[in-house]
Amino acid sequence: MFKKVLIANRGEIAVRIIRACHELGVQAVAIYSDVDRDSLHVRFADEAYAVGPPPARESYLVMERVVETARRCGAEAIHPGYGFLAENGAFADLCAERGIVFIGPSGDVMRSMGDKVTARQTMQRAGVRIVPGTTERLTDDQAEAWVREVGPPVMVKASAGGGGKGMRLVRDPKQLRAALARARGEAKASFGDDGLYLEKFVEQPRHVEIQVLADGHGNTVHLFERECSIQRRHQKVIEEAPANRMTPELRAKMGAAAVAAAEAVGYRGAGTCEFLVDPKGEFYFLEMNTRVQVEHAITEEITGVDIVKAMIRVAAGEPLGFDQDALSIRGHAIEARIYAEDPDRNFAPSPGEILVYRPPGGMGIRVDAGVYQGARVTVHYDPMVAKLVAWGQDRPEAIDRLRRALAEFVVKGIKTSIPFHQRVLRHPRFLAGHYDTSFIEAHLHEVSVEDGYGEERRAARMLAAVAAYSRDKSRAERASSATSAAGENPWKAFGKRAAMRGWLR
Ligand code: MV4
């Protein structure tokens with residue numbers, strides 16, 4: 001096992017990885033930008049080094065500085081988390097060049113999945129069903145010919161894209177040329193690569209993904225599925241495991257497809273195969289994410305497998321230590337991503353100081369947060385401040401727990417998506433598990449006034465809320481005057497080491 005691992009990330013995922021390191025007896029090294037000096041991940045780490053100014057391009061994304069920080073502090077490995085450098089093949093290559101273990105697959109594997117046309121060819125050869133469409137980059141004329149042949153509707157997608165970037169739906173063939181031109185321009189500008197391919201449009205799809213784990217000893221397993229159809233503008237909002245309307249047969253088939261996909265590219269580490277599932281239950285490979293994902297925690301909850309520790313172990317050369325037969329699903333888990341966004345203002349970012357922070361707890365509740373009371377949320381990074389995960393014996397119990405925990409969760413000073421989650425969690429379609437990727441746009445674009453409570457109970461609830469609000473407000477005022485009187489962050493009181501910070505700059 002490694003003695004020391006550098007975490008090339010921030011926020012909740014950096015904290016999550018540090019926890020895994022500590023359980024493994026590994027020292028954890030944080031890096032931080034100038035606005036993250038007092039961040040939670042820095043407080044949790046054994047050492048921390050400044051890597052530059054707030055914009056990620058000038059700090060967390062500076063490959064040379066990140067890898068040199070690891071080398072100089074004696075870390076044998078780097079965990080990239082998600083986002084930032086996590087799916088950057090050049091960074092994995094650079095780590096290998098400098099004798100640092102990149103905790104994830106090789107640069108070559110990342111590139112083979114990162115290019116969607118290459119990935120589709122590879123999956124087709126491996127016998128994994130892809131969304132019907134082309135497996136070559138197309139000229140506009142070829143695209144036109146293909147649409148004439150198979151008919152609309154089609155999706156125009158960027159080969160270098162993913163996650164919805166550079167994607168266009170074409171229902172009317174007359175609009176194909178314009179869609180191609182737009183998609184090409186967008187792809188060129190975003191990825192420096194204007195390669196496009198086409199897929200048949202899958203109507204009313206659900207987004208179901210399979211978690212895989214592979215070691216360097218020829219063992220690849222899947223950890224079942226997650227349903228991530230509750231998304232807003234390609235940003236996931238709520239995820240659950242297992243998925244709705246799943247059968248043991250479909251689960252086994254999708255699991256086998258994901259394992260075949262991973263084996264086809266010689267995958268090592270944790271990865272996720274995304275599939276579209278149509279209303280008939282047919283599934284199609286979309287793409288593979290070659291990183292740990294935000295929503296990994298719900299899979300951990302239903303399988304008992306610590307995915308982040310497994311990633312570190314297999315990167316250190318250890319075998320997985322369990323096979324597919326040892327894995328089973330226990331209960332149900334649901335995750336609500338808490339964003340620093342104002343759901344009443346079209347989800348506008350809501351930066352600021354967290355004046356009151358009182359996370360929920362109790363049975364079946366897990367909060368993976370990157371913030372604390374007194375922390376500042378800036379506009380520089382992803383607005384997700386915490387993940388709230390509820391586990392239950394079954395789906396209704398997980399929903400009840402999540403609702404109960406959302407009601408307990410107090411965050412003041414910034415707006416959060418908590419009220420939005422509460423609306424999703426009482427929507428009949430959500431409760432029935434009858435939803436696809438159009439759910440939010442189709443059912444939650446307007447603020448609902450009906451909350452299912454009678455007039456009296458509504459009045460009582462309002463009075464209680466007003467009283468709680470005024471108590472919290474005075475608490476917030478006291479908290480903020482206390483911290484500003486001290487002139488610093490409350491965490492400073494704990495006086496954790498600051499010794500080696502900042503020696504690179
Ligand atoms: C599709 C599709 C329908 N048909 N491809 C969006 C993100 C990217 N990973 C793929 N996406 C889609 N690809 C075909 N051929 C519908 C979507 C899609 C979607 C997928 C997953 C989750 C949410 C979504 C929301 C809108 C569209």
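This is a predicted model: local features need pLDDT of at least 70, side-chain atom pairs count only at pLDDT 80 or more; totals for chains, interfaces and linings use all residues.
Colleague: Where does Arg 120 lie, then?
Modeller: Arg 120 belongs to helix H6, which spans residues 116-125 and lies across strands E6 and E8, running at about 50° to E8.

Colleague: Which side chain makes a polar contact with the side chain of Arg 120?
Modeller: That would be the side chain of Glu 199, at 3.1 Å. Once neighbours within four places in sequence are left aside, the residues in contact with Arg 120 include Tyr 197, Leu 198 and Glu 199, and also Ile 130, Val 131 and Pro 132.

Colleague: And what sheet do E6 and E8 belong to?
Modeller: They are in an open sheet of three strands, ordered E7-E6-E8, in which the pairing is antiparallel. The edge strands, each pairing on one side only, are E7 (168-170) and E8 (196-200). Averaged over this sheet and ignoring direction, neighbouring strands are turned by 25° against each other.

Colleague: Which helix runs at about 5° to E8?
Modeller: Helix H7, residues 140-150, runs at about 5° to E8 and lies across both E6 and E8.

Colleague: Changing topic: which strands does E2 pair with, and in what sense?
Modeller: E2 pairs with strand E1 (residues 4-7) in the parallel sense over four bridges, with Val 5 standing opposite Ala 28 in E2. Five bridges join E2 to E3, and these strands also run parallel; here Val 29 has Glu 47 in E3 as its bridge partner.

Colleague: How many residues of E2 are buried?
Modeller: Six of the seven residues of E2 are buried, so the strand is largely enclosed by the rest of the structure. Strand E3, residues 47-52, is mostly covered, with six of its six residues buried.

Colleague: What about Ser 39, where does it lie?
Modeller: Ser 39 lies in the loop between strand E2 (27-33) and helix H2 (40-44). Ser 39 is buried because its relative accessible area is 13%, against a limit of under 20%.

Colleague: Which residues is Ser 39 in contact with, beyond its sequence neighbours?
Modeller: With neighbours within four places in sequence left aside, Ser 39 is in contact with Arg 10 and Tyr 372. The side chain of Ser 39 is also joined to that of Asp 36 by a polar contact of 2.8 Å.

Colleague: Now helix packing: at what angle do H3 and H4 pack?
Modeller: Helix H3 (residues 63-73) and helix H4 (residues 89-97) pack at about 35°, with axes 10 Å apart, and H3 passes H4 in a right-handed crossing.

Colleague: Which residues meet there?
Modeller: From H3 there are Met 63, Glu 64, Val 66 and Val 67, which meet Ala 90, Phe 91, Leu 94 and Cys 95 in H4. Sorted by class, this contact of H3 with H4 has seven nonpolar residues, no polar ones and one charged residue.

Colleague: Last topic: what is the order of the eight-strand sheet?
Modeller: The eight strands form an open sheet in the order E13-E12-E9-E10-E11-E14-E21-E19, with antiparallel pairing. The edge strands are E13 (283-289) and E19 (365-369), each of which pairs on one side only. Neighbouring strands of this sheet are turned by 25° against each other on average, with direction ignored.

Colleague: How many bridges are there between E14 and E21?
Modeller: There are eight, pairing E14 (residues 332-339) with E21 (residues 384-392) in the antiparallel sense, and Tyr 339 stands opposite Met 384 in E21. Helix H12 (residues 395-408) packs on the sheet, touching strand E11 (235-241), E14, E19 and E21, and its direction makes about 140° with that of E21.

Colleague: And which strands does H9 lie across?
Modeller: Helix H9, residues 248-264, lies across strands E9 (206-214), E10 (220-232), E12 (269-277) and E13, running at about 105° to E10.

Note on methods. Residues are numbered from 1 along each chain as its sequence is written. Side-chain values use heavy atoms; hydrogens and water are left out. Two strands pair if DSSP finds at least two bridges between them. Helices (H or I, at least four residues) and strands (E, at least two) are DSSP runs, numbered from the N terminus. Axes are lines fitted to C-alpha atoms, for helices over the stretch in contact, and angles run from 0 to 180 degrees between N-to-C directions. Contact means heavy atoms within 4.5 Å. A crossing is left-handed if the near helix is turned anticlockwise from the far one by less than a right angle, and right-handed if clockwise. Ala, Val, Leu, Ile, Met, Phe, Trp, Tyr, Cys and Pro count as nonpolar, Asp, Glu, Lys and Arg as charged, and the others, Gly among them, as polar. Buried means under 20% relative accessible area, exposed over 50%, partly exposed in between (1.4 Å probe, protein chains only). A polar contact is a pair of N or O atoms within 3.5 Å; within protein, one must be able to donate a hydrogen and the other to accept it, and residues adjacent in sequence count only if both atoms are side-chain atoms.
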